[in-house]
Amino acid sequence: MSTSFLSDTSAVRTAVGKLFEEKPPVLVEVRFPKMGASPDWFLCEDAAALDAILDRLGSDTEVYLNSVWDLKNPAGTIVIRGGKACLGGSLAGPADPGPAPTKHAEAADNNPRPTRKE
Amino acid sequence: MPDDGLLRVIVVRKGNVRATEFRLRDGEIGLSMFRSADQPGPSAILAAVRAAGKQGDLGVAEIPVSVFRRLRLRLVRTPGGTPDPAVNALHVEARPSWPRRLVLRIRGVPIHEWFNERITPELAAAAKLVE
């Protein structure tokens, strides 16, 4: 399985939007790396539901998205690192230019960008 | 490292400790845990993980260090990833030894598959809820 990297937030927003549009529902795995805890799992019918999950996440979490129709052959896993801070706003609505970068957002920018496994 | 215990934040369902709380995911090479300490204690660890976004009815499970020794796992201190620096300082990973990893690599067995099959049930059986 090869991995391609989505280098900007618009790319990951597009990929997430396409996933929900073409192959809902989406299985969401939230990992907590180096936090001594197992992943949380959610089933989302739309991007708004994913937004609600991302709202609560810290900047060091990782979110893995898969269509439930691709679970046996998970080509196209979308990985979001850094919670909503990396996405520049809501997934359900238009891109939010947001305020000037804060220390929190800068820290998120230092993390690897969202990736997509194919 | 004294034989007091290592801590992991788990989701508690009907008061039970489930084996799924001690599984490795693909790409991980060790189980993330925290050393037991008076300060920050289990409550602070649980709060730090909750602050990162972990949901559910959370508890803290403790596993004696002797269990990891018996299973020949190495305890490697690495920085934690929670929002609390004091909690992060207690972070360790329980990893298979280098000889074991070499054998697994030669056999083409992913670390997480070996860990989940051989180690996870032992850890779950030894875990006790402390918080």
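This is a predicted model: local features need pLDDT of at least 70, side-chain atom pairs count only at pLDDT 80 or more; totals for chains, interfaces and linings use all residues.
Residues are numbered from 1 along each chain as its sequence is written, and chains are lettered from A and ligands numbered from 1 in the order in which they are written.

Let me start with chain B, which has five helices and six strands; helices (H or I, at least four residues) and strands (E, at least two) are DSSP runs, numbered from the N terminus. Reading from the N terminus, their order in chain B is β-β-α-β-α-β-α-β-α-α-β.

Now for the overall form. The C-alpha trace of chain B spans about 40 × 30 × 25 Å along its principal axes. Its radius of gyration, which is taken over C-alpha atoms, is 14 Å, and this agrees with the value near 14 Å that a compact globule of 131 residues would have; the globule rule is 2.2 Å times the number of residues to the power 0.38.

Of the 131 residues in chain B, 31% are buried, where buried means that 20 or more other C-beta atoms lie within 10 Å of the residue's own, exposed means 12 or fewer, and partly exposed is in between, with C-beta atoms placed from the backbone. In helix H4 of chain B, residues 98-107, the number buried is zero out of 10, so this helix lies largely in the open. After H4(B) comes B:Gly108, with a positive phi near 75°.

Let us turn to the place where the chains touch, counting two residues as in contact if their C-beta atoms, placed from the backbone, lie within 7 Å. Chain B brings 25 residues to this contact and chain A brings 16 residues. On the side of chain B, the elements that give two or more residues are strand E1 (6-11), strand E2 (31-35) and helix H1 (42-51), and E1(B) gives the most, with four residues.

Finally, where does A:Lys34 lie? A:Lys34 is in the loop between strand E2 (26-31) and strand E3 (40-44) of chain A, and it counts as partly exposed because it has 19 C-beta neighbours inside 10 Å. Leaving aside neighbours within four places in sequence, A:Lys34 is in contact with B:Ser32, B:Thr78, B:Pro79, B:Gly80, B:Gly81 and B:His91.
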